[in-house]
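User: Please show me the model. I would like to go through it in questions and answers.

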Amino acid sequence: MTTAAIAQAREREASLSARLARALSQGPLHVVVLLICAVWLLPSVGLLVSSFRPARLVASTGWWTAFTPPFNFTLGMYREALSTSGMAQSFVNSLFISIPSTVIPIMIAAFAAYAFAWMKFPGRDLLFVIVVGLLVVPLQMTLIPVLRLFNALGLTGTFLGIWLAHTGYGLPFAVYLLRNFFGALPKDLFESVYLDGASPFTAFFWLVLPLSVPALASLVIFQFMWVWNDLLVALIYLGGTPKVAPMTVTISNLVNSLGGNWQVLTAAAFISMLLPMLVFFSMQQYFVRGILAGSVKG
Amino acid sequence: MANTLLMALIVVLGVPAVMAGYVGLVEWLLGFLPERHRPGVRPWLWIGPAVLFLVVFLVYPALNTAGISLFNADSTRFVGLANYAYVFTAQDMLISFKNNILWLVLFTLLTVTFGLIIAVLFDRVRYEAAAKALIFLPMAISFVAAGVIWKLMYDFKPAGLPQMGTVNAILTTTIPGFQPQAWLFNPSTNNPGLIAVGVWMWTGFCMVILSAGLKGIPTEILEAARVDGANEWQVFWRIILPMLSSTITVVATTMIINALKAFDIIYVMTNGNYGTEVIANRMYKEMFNFHQFGRASAIAVILLLAIIPIMLKNIQDFRRQEALR
């Protein structure tokens with residue numbers, strides 16, 4: 001064996017034992033981390049397991065008993081939730097409400113954020129501060145006047161009305177985040193494209209938007225989850241009309257009407273969680289980066 | 001079915017087209033203006049839609065509500081400050097103020113603390129992304145679904161019977177002699193119980209933002225401190241915490257506003273019964289159950305007034321950051 005090979009072997013051994021020592025000393029850390037994850041996951045696991053059990057067992061025994069024989073799993077509650085209670089229709093309604101209520105505010109906010117970040121006009125800073133200030137107006141405060149306006153215009157119970165409402169409510173945060181992100185883009189970039197004779201239209205759609213994918217993705221997640229999960233706005237502007245009711249309204253009606261028989265809802269609740277979870281997992285990478293840009297660069 | 005298809009087309013294609021079309025139209029119209037006037041007019045057209053929406057949905061309603069709060073139930077007679085007098089004396093309202101303060105303190109403290117601890121701990125393991133996703137998961141769950149989840153958690157059967165609520169089952173099996181609790185009905189446990197649901201849902205938000213801030217601390221600084229013999233405990237208190245202070249302020253502010261606006265969890269789980277009423281839920285009841293528009297508006301105004309000091313602080317911070325830009 002050559003000396004080089006011996007040295008190499010020693011080194012490997014040393015790094016292996018070092019790694020082992022580190023792993024051992026980090027043992028408690030891993031235990032704590034995994035324990036936190038387990039605690040946070042426990043409630044959702046309870047729901048998931050329950051939703052696959054027969055309703056009568058969910059009502060009488062704990063969900064963990066499902067793991068001891070006799071194993072009793074069924075799709076019964078999913079079948080019931082999807083067929084009897086108009087859940088399929090409200091799933092589609094939720095999509096019809098959420099997609100435009102995500103696209104419209106983010107686009108409008110992007111236009112405004114671009115002007116706030118890269119155009120000069122009198123009162124720009126003051127106006128932006130007011131927009132940020134509107135972040136904290138409680139939603140509840142706007143319900144009565146907007147409801148009266150919607151009634152006068154015949155917008156109550158329509159998709160258009162709820163799109164407009166979510167746009168108004170989502171704008172302050174969207175403008176705030178995007179303005180911070182757009183403002184952090186390098187200045188030379190704009191100077192060079194404008195020198196090349198590009199219009200603001202071109203700069204916006206072919207430079208600013210593509211560069212801001214992280215911020216846009218994080219906003220899409222936030223706004224989509226907020227609209228998809230919203231109960232209050234839908235409850236008020238859509239009234240009780242089942243034809244346009246989103247999942248949250250349908251499920252909450254079931255909670256109230258079923259009373260003691262709420263177990264059927266475990267399946268319904270899980271169905272309502274699926275899409276936002278999918279959106280989150282598919283955009284998580286962008287999401288973390290977008291937040292980073294928004295909060296750290298300030 | 002045809003309607004559904006048409007709607008789907010509008011939703012997926014029509015809406016984005018209208019949005020992009022607006023800017024196209026603006027730039028086309030600007031083309032008719034003399035060159036030197038364009039930079040003066042353009043910004044107003046770009047921020048126009050946003051300003052219009054904000055005025056219609058936030059500014060005008062806020063002012064309007066302030067006006068309605070001075071009138072009687074159906075806004076036909078001026079009553080001065082009578083609604084405010086009611087709000088500050090009614091028994092239900094006093095309970096909600098007390099509960100909102102409890103929410104404000106407990107919810108903010110716990111979400112920010114847990115968010116910080118989790119961000120710092122998870123930063124040291126290799127499966128950080130997956131672990132963080134699990135903590136963030138509840139953010140993707142609607143309050144309605146969360147209500148169902150936590151009904152399963154808090155379920156109560158009298159002592160002696162097999163417990164089917166997760167919390168009672170764990171406590172009765174691990175602690176000998178533990179009496180099962182009716183968590184949501186018992187006035188001493190129901191408010192903390194509801195706040196726990198809020199903490200479970202919002203800690204992920206705090207964690208994501210704090211973790212992003214943590215990654216922004218240059219590693220050289222941390223390494224330098226460690227080389228100089230600082231232990232992890234000192235690194236956390238003397239370096240990480242001070243350097244994260246502005247991020248912590250942002251997160252804490254957001255959580256305080258959330259606590260003041262708390263509505264959904266209470267609405268779904270107890271609807272304010274058994275002494276769990278909060279301001280926002282009270283307001284909803286005054287408006288839609290009792291049709292007391294004046295009182296409901298007065299409650300909304302008070303909610304806004306409570307938030308204004310926080311808003312001023314935020315604007316101050318923003319100004320300071322702008323000065324540094």
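Analyst: Helices are DSSP runs of H or I with at least four residues, strands are runs of E with at least two, and both are numbered from the N terminus. The model is predicted: local features need pLDDT of at least 70, side-chain atom pairs count only at pLDDT 80 or more, and totals for chains, interfaces and linings use all residues. Residues are numbered from 1 along each chain as its sequence is written, while chains are lettered from A and ligands numbered from 1 in the order in which they are written.

User: What pattern does chain A follow along the sequence?

Analyst: Chain A has 14 helices and zero strands. Read along the sequence, its pattern is α-α-α-α-α-α-α-α-α-α-α-α-α-α.

User: What percentage of the residues of chain A count as buried?

Analyst: A residue is buried if 20 or more other C-beta atoms, placed from the backbone, lie within 10 Å of its own, exposed if 12 or fewer do, and partly exposed in between. Chain A has 298 residues, and the share that counts as buried is 46%.

User: Among contacts in chain A between residues at least 6 apart in sequence, what percentage join residues at least 24 apart?

Analyst: Two residues are in contact if their C-beta atoms, placed from the backbone, lie within 7 Å. For contacts in chain A between residues at least 6 apart in sequence, the share joining residues at least 24 apart is 77%.

User: How many residues on the side of chain B that touches chain A are nonpolar?

Analyst: Ala, Val, Leu, Ile, Met, Phe, Trp, Tyr, Cys and Pro count as nonpolar, Asp, Glu, Lys and Arg as charged, and the others, Gly among them, as polar. In chain B, 88 residues are in contact with 84 residues of chain A. Helix H2 (residues 38–68) of chain B gives the largest share of that side of chain B, 18 residues. By class, that side has 14 polar residues and seven charged, and the nonpolar ones number 67.

User: Is the crossing of H2(A) and H4(B) left-handed or right-handed?

Analyst: Axes are lines fitted to C-alpha atoms, for helices over the stretch in contact, and angles run from 0 to 180 degrees between N-to-C directions; a crossing is left-handed if the near helix is turned anticlockwise from the far one by less than a right angle, and right-handed if clockwise. Helix H2 (residues 27–51) of chain A and helix H4 (residues 91–122) of chain B have axes that come within 10 Å and cross at roughly 135°. That angle makes H2(A) oblique to H4(B). The crossing of H2(A) and H4(B) is left-handed.

User: Which residues of H13(B) does H7(A) meet?

Analyst: Angles under 35 degrees count as roughly parallel, over 145 as roughly antiparallel, 65 to 115 as roughly perpendicular and the rest as oblique. Helix H7 (residues 139–153) of chain A packs on helix H13 (residues 279–288) of chain B at about 15°, with the axes 10 Å apart. H7(A) is therefore roughly parallel to H13(B). Gln140(A), Leu143(A) and Ile144(A) in H7(A) meet, in H13(B), Ala280(B), Met283(B), Tyr284(B) and Met287(B).

User: How many polar residues are in the contact of H8(A) with H2(B)?

Analyst: Helix H8 (residues 159–183) of chain A and H2(B) pack at about 120°, with their axes 9 Å apart. The residues in this contact include Tyr169(A) and Leu171(A) of H8(A) and Phe53(B) and Phe57(B) of H2(B). By class, ten residues are nonpolar and no residue is charged, and the number of polar ones is two.

User: Which residues does Asn99(B) touch, not counting residues up to four places away in sequence?

Analyst: Asn99(B) lies in helix H4 of chain B. It counts as buried because 24 other C-beta atoms are within 10 Å. Not counting residues up to four places away in sequence, Asn99(B) touches Asn191(B), Thr276(B), Glu277(B) and Val278(B).

User: Which residues is Ile95(B) in contact with, leaving aside its neighbours within four places in sequence?

Analyst: Ile95(B) is also found in helix H4 of chain B. With 16 other C-beta atoms within 10 Å, Ile95(B) is partly exposed. Leaving aside neighbours within four places in sequence, Ile95(B) is in contact with Gly275(B) and Glu277(B).
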